[in-house]
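Trainee: I would like to go through the labels on this model and ask what each one rests on.

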Amino acid sequence: MSNSMTCSRCEEGFEEREKIVNAGGEVWHQHCFVCAQCFRPFTKDAIFYEFEGRKYCEHDFHVLFAPCCVKCSEFIIGRVIKAMNSNWHPGCFKCELCQDVLTDKGFFKNAGRALCNSCNEKEKAAAVGKYICFKCRAVIDDGSPLKFKGEAYHPYHFNCKTCGVELTSSAREIKGELYCLRCHDKMGIPICGACRRPIEERVVTALGKQWHVEHFVCAKCEKPFFGHKHYEKKGLAYCETHYHQLFGNVCFVCNKVIIGDTITALNKAWCPDHFACSFCDSKLTEKSKFYDVDMRPCCKKCYEKFPVEFKKRLKKKYTEHLISTKSIF
């Protein structure tokens with residue numbers, strides 16, 4: 001080996017038959033061929049990176065020089081997308097609404113977000129209370145849009161499947177096809193009382209109307225009944241909890257909403273187990289007779305014990321009342 005050959009790091013020569021490292025036209029002792037940052041020797045076939053004449057292991061090069069993707073927080077090796085004052089992997093730079101990759105399509109900055117052209121147009125239209133036609137991408141200015149498969153369109157892009165007439169926003173979608181209102185009505189398909197759209201699957205019939213299962217909800221909490229019991233009042237449907245809260249009778253004794261049978265008497269309501277003589281607490285049943293003593297129920301035994309003068313002061317000396325029982329459901 002020529003004595004003129006020296007290690008690029010320590011500038012010392014090599015021993016005879018010593019293994020050396022040859023990289024980029026330069027030679028090193030094996031123990032001198034190390035990362036410029038951590039000084040660990042590069043292993044055989046290891047990947048290293050060179051920057052400004054210095055060599056780095058993969059980890060240290062990433063830490064020192066490689067950009068970090070703002071989306072996935074991983075180092076970017078290769079192509080870097082610089083946008084929105086940040087660095088991105090090409091596959092990570094996506095529209096924030098539809099998640100379409102923006103790398104080779106361009107983007108629009110909207111309220112601090114990177115959006116594709118389609119989503120940007122939708123956002124601008126929504127800001128002024130309008131829709132963007134999914135087909136021609138123009139703003140729908142003239143009247144209501146036609147909703148088809150979850151997207152908004154100009155109605156004139158479609159014709160009725162049956163009669164071929166140009167459609168309006170009142171068109172109905174049935175099994176992926178559009179029909180004018182006239183042709184749809186001839187098909188006898190029910191219309192939901194909430195959304196006014198056709199009901200193709202399970203139908204709920206209540207309150208004199210038909211409903212999508214998910215649209216038949218409590219008038220108070222707006223939760224769908226999904227087959228659970230509902231209660232009707234003045235043309236509206238309520239779940240059990242809110243029907244009790246709004247319309248249920250409250251027991252005169254326990255002050256709780258009465259569920260089930262209710263005893264009504266003297267313009268008051270009682271739970272069946274709580275209706276009793278106000279003087280001896282003996283239970284009164286639906287077959288019992290009682291006396292009205294100052295708007296309180298009194299059994300016959302207690303009434304007979306009252307002094308004659310007290311009985312005379314009562315508005316009704318001998319008034320018998322029958323108990324009325326009813327269920328609020």
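Mentor: What follows takes the labels in turn and sets values against definitions. This is a predicted model, where local features need pLDDT of at least 70, side-chain atom pairs count only at pLDDT 80 or more, and totals for chains, interfaces and linings use all residues. Residues are numbered from 1 along each chain as its sequence is written, and side-chain values use heavy atoms, with hydrogens and water left out.

Trainee: How many helices and strands does the protein chain have?

Mentor: The protein chain has 6 helices and 24 strands. Helices (H or I, at least four residues) and strands (E, at least two) are DSSP runs, numbered from the N terminus.

Trainee: What radius of gyration does the protein chain have, and what would a compact globule have?

Mentor: The protein chain has 42 Å; a compact globule of 329 residues would have a radius near 20 Å. The radius is taken over C-alpha atoms, and the globule rule is 2.2 Å times the number of residues to the power 0.38. The C-alpha trace spans about 140 × 65 × 35 Å along its principal axes.

Trainee: Why is histidine 89 called buried?

Mentor: Buried means under 20% relative accessible area, exposed over 50%, partly exposed in between (1.4 Å probe, protein chains only). Histidine 89 has 18% relative accessibility, so it counts as buried. Histidine 89 sits in the loop between strand S6 (86-88) and strand S7 (108-110). Leaving out residues up to four places away in sequence, histidine 89 touches Cys69, Cys72, Glu74, Phe75, Ile76 and Ile81. Contact means heavy atoms within 4.5 Å.

Trainee: What makes alanine 276 buried?

Mentor: Alanine 276 counts as buried because its relative accessibility is 19%. Its place is the loop between strand S20 (268-270) and strand S21 (289-293). Beyond neighbours within four places in sequence, alanine 276 contacts Asp281, Ser282, Lys283, Leu284 and Pro297.

Trainee: What makes phenylalanine 148 and phenylalanine 158 an edge-to-face pair?

Mentor: Rings of Phe, Tyr and Trp (its six-membered ring) pair if their centres lie within 6.5 Å; planes under 30 degrees apart count as stacked, over 60 as edge-to-face and the rest as tilted. The structure holds 20 aromatic pairs. In the pair of phenylalanine 148 and phenylalanine 158, the centres are 5.4 Å apart and the planes are at 70°, which is edge-to-face. Phenylalanine 148 is in strand S11 (residues 146-148) and phenylalanine 158 in the loop between strand S12 (151-153) and strand S13 (172-174), so the pair ties together parts 10 residues apart in sequence. Phenylalanine 148 is buried at 10% relative accessibility, and phenylalanine 158 is buried at 17%.

Trainee: How do you know that lysine 268 lies over the face of phenylalanine 252?

Mentor: A charge sits over a ring if NZ of Lys or CZ of Arg is within 6 Å of the ring centre and within 35 degrees of the ring normal. Lysine 268 is at 5.3 Å from the ring centre of phenylalanine 252 and lies over its face.

Trainee: How many disulfides are there?

Mentor: The count is 0 disulfides. A disulfide is a pair of cysteine sulfur atoms within 2.5 Å. For cysteine 57, the nearest cysteine sulfur is that of cysteine 35, 3.8 Å away, and cysteine 57 is in no disulfide. Cysteine 57 is buried, with a relative accessible area of 17%. Cysteine 221 is in no disulfide either; the sulfur of cysteine 218 is the nearest, 3.7 Å away.

Trainee: Is cysteine 221 buried or partly exposed?

Mentor: Cysteine 221 has a relative accessible area of 28%, so it is partly exposed.
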